[in-house]
Structure formats: C-alpha cells, structure tokens
Amino acid sequence: MHTNQTVEFVQKKNEQYGGCNLRQMTIMEALELLDNVVDESDPDVDFPNSYHAYQTAEGIREKHPEKDWFHLVGLLHDLGKILALSGEPQWSVVGDTFPVGCQLQDSIVFKDSTFHDNPDTRNPLYTSKYGMYQPHCGLENVLMSWGHDEYMYQVMKRNKFALPEEAFYMVRFHSFYPWHTGGDYMHLCNAKDLQMLPWVQEFNKFDLYTKCEQLPDPQQLKPYYEGLIAKYCPGQLSW
C-alpha cells in the first residue's frame, strides 16, 4: 500500500504525467470514463465514481447555490481516478495522501503497518521532522504521495482552468486527511495554506457525506454542468 510511495517514485510519476500528454478529451468524456472505475479503497462506495461526482456536486449546489465554481469542483474532483484505466495500480491512484521526503505523521492511515519496506524510512534525509523541506515552506513546495488528487491538479494547471485558487486546493488536497482532518503537517504550512484549509474542510463534508445508494440521474443534471464546464474549462483538454 505505502511501500512504493517514495520520493523517487513520486518524482517519476510527476514527470510521466505532469505534461498531460496521455490523451485529449473533454471533462464530460473523462466523467464517462469514471463509469469504469470503482475505488477499492473506499468502503462507502460500491458504484461507479461518476455517480459520486454528481452526488458531491449536487450536495454542494444545495448548500452553496451562489458558488457555481464550487459545484464544478464537486463534479471533477475525482476525475484523476481515470489513471486506474491507464494501467496504474489502485495504490498509486486512490487512498489518502501525505507528503513524501519527511517524517511520517501518526495520523497517516495504517502508518505503523504499511511502511516497513519503504526505503525512504531508512534514509536519514527523509526521516527528520522537516526532511528535505524548510519550516513553513508552503504545501505548494511539498511533494505529495502520488495519486488521483495530484494528477487532476496537474491537469487543471496545465489546461489553465479559470477557477479560483480555493478550487485547486480542494482538488489537490482533498485526500490529504492527515492535514485537513488529523491536524498534522502544520509545520510545513504557510499563511496561504492555513487560509485555504477551511475551504478544503468544507469540501470534505460533501465528499464524505453525500454518498448514498440513491443515485442521481446524470442525464437530468448534465445540461447544468455542461454550462459550468463551458464557463470554466471548455473544450478538448490535455490529460
């Protein structure tokens, strides 16, 4: 699960996927691909992730009707899971994320049982509190374990999504539970990270608590979200 999430591995994956040269497709085409993905790490969801995307988006829309950009984040936050359809194993696509290259914090899930064979845990450069980072360097300067969050964040940056910075934080760090829920890694955060943290926490409410067996009707909802896509991230995108 965590054996291969090393600094070297993450750097390799950022180089492999950071250029977003896998394919060209629209947001809706990527959303349709999610019908083929079931997140094995999520015990609350045993249906395709496209339904979870609409559930999250509609939950946000109900509570924050005036923030249409926030609705769109709910729809696209898990699109990075399409990596599972490109031959990537589930452990490098889904699950909670954490910084690599520094001391592991206790709030990382299964921290005591899944890192024994991870070579970074035996590298003194990566086992101190700050590791290869500086105090309060900012999460934008931290190398996160590789997964769908980081990949989708790279897609958003590469394609210059016209969304506020809060949206980028929500997507990149929504699986960073040791931070937004566990309260760890504050020693790496700068003022901007702390300003953005409440937004990530607000998003997390809908990511977690809108999952239910009553599935939405994508065809009924599609026109509204196509309008948001046209506004914020239209056309063929690089993935």
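Predicted model: local features only at pLDDT ≥ 70, side-chain atom pairs only at ≥ 80, totals over all residues.
Colleague: Where does H136 lie, and what about its phi?
Modeller: H136 is in the loop between α5 and α6 (148–158), where helices are DSSP runs of H or I with at least four residues, strands are runs of E with at least two, and both are numbered from the N terminus. Its phi is positive, about 55°, although H136 is not a glycine.

Colleague: And Y185, what is its phi, and is it buried or exposed?
Modeller: Phi of Y185 is also positive, near 65°, in a residue other than glycine. Y185 sits in the loop between α8 and α9 (191–209), and it counts as buried because its relative accessibility is 1%.

Colleague: Changing topic, which residues does UniProt list as "binding site"?
Modeller: The UniProt record, an unreviewed entry, puts that feature at H52, H77, D78, H148, H174 and D207; the positions follow the numbering used here, feature names are shortened, and annotations may be inferred rather than shown by experiment.

Colleague: Where is D78, and what does it touch?
Modeller: D78 is placed in the loop between α4 (68–76) and α5 (124–127), and with a relative accessible area of 4% it is buried. Leaving out residues up to four places away in sequence, D78 touches L34, N49, H52, H148 and H174, a contact being heavy atoms within 4.5 Å.

Colleague: Which residues touch H174, then, and where is it?
Modeller: H174 belongs to the loop between α7 (165–173) and α8 (177–180) and is buried, at a relative accessible area of 2%. Not counting residues up to four places away in sequence, its contacts include H77, D78, H148 and D207. The side chain of H174 also makes a polar contact with the side chain of H148, at 3.2 Å (a pair of N or O atoms within 3.5 Å, one able to donate a hydrogen and the other to accept it, with neighbours in sequence counted only if both atoms are side-chain atoms).

Colleague: How many disulfides does the structure hold?
Modeller: The structure holds zero disulfides, taking a disulfide as a pair of cysteine sulfur atoms within 2.5 Å. For C20, the nearest cysteine sulfur is that of C233, 13 Å away, and for C137 it is that of C102, 8.6 Å away. C20 is buried at 3% relative accessibility, and C137 is buried with a relative accessible area of 17%.

Colleague: What about the whole chain, how many helices and strands are there?
Modeller: The chain has 10 helices and two strands, in the order α-β-α-α-α-α-α-α-α-α-α-β along the sequence. Its radius of gyration is 17 Å, close to the 18 Å that the globule rule gives for 239 residues, so the chain is as compact as a globular protein of that length; the radius is taken over C-alpha atoms, and the rule is 2.2 Å times the number of residues to the power 0.38. Of the 239 residues, 56% count as buried, and the C-alpha atoms fill a box of roughly 55 × 35 × 35 Å along the principal axes.

Notes: Residues numbered from 1 in each chain as written. Heavy atoms only, no water. Buried < 20%, exposed > 50% of the residue type's maximum accessible area, 1.4 Å probe, protein only.
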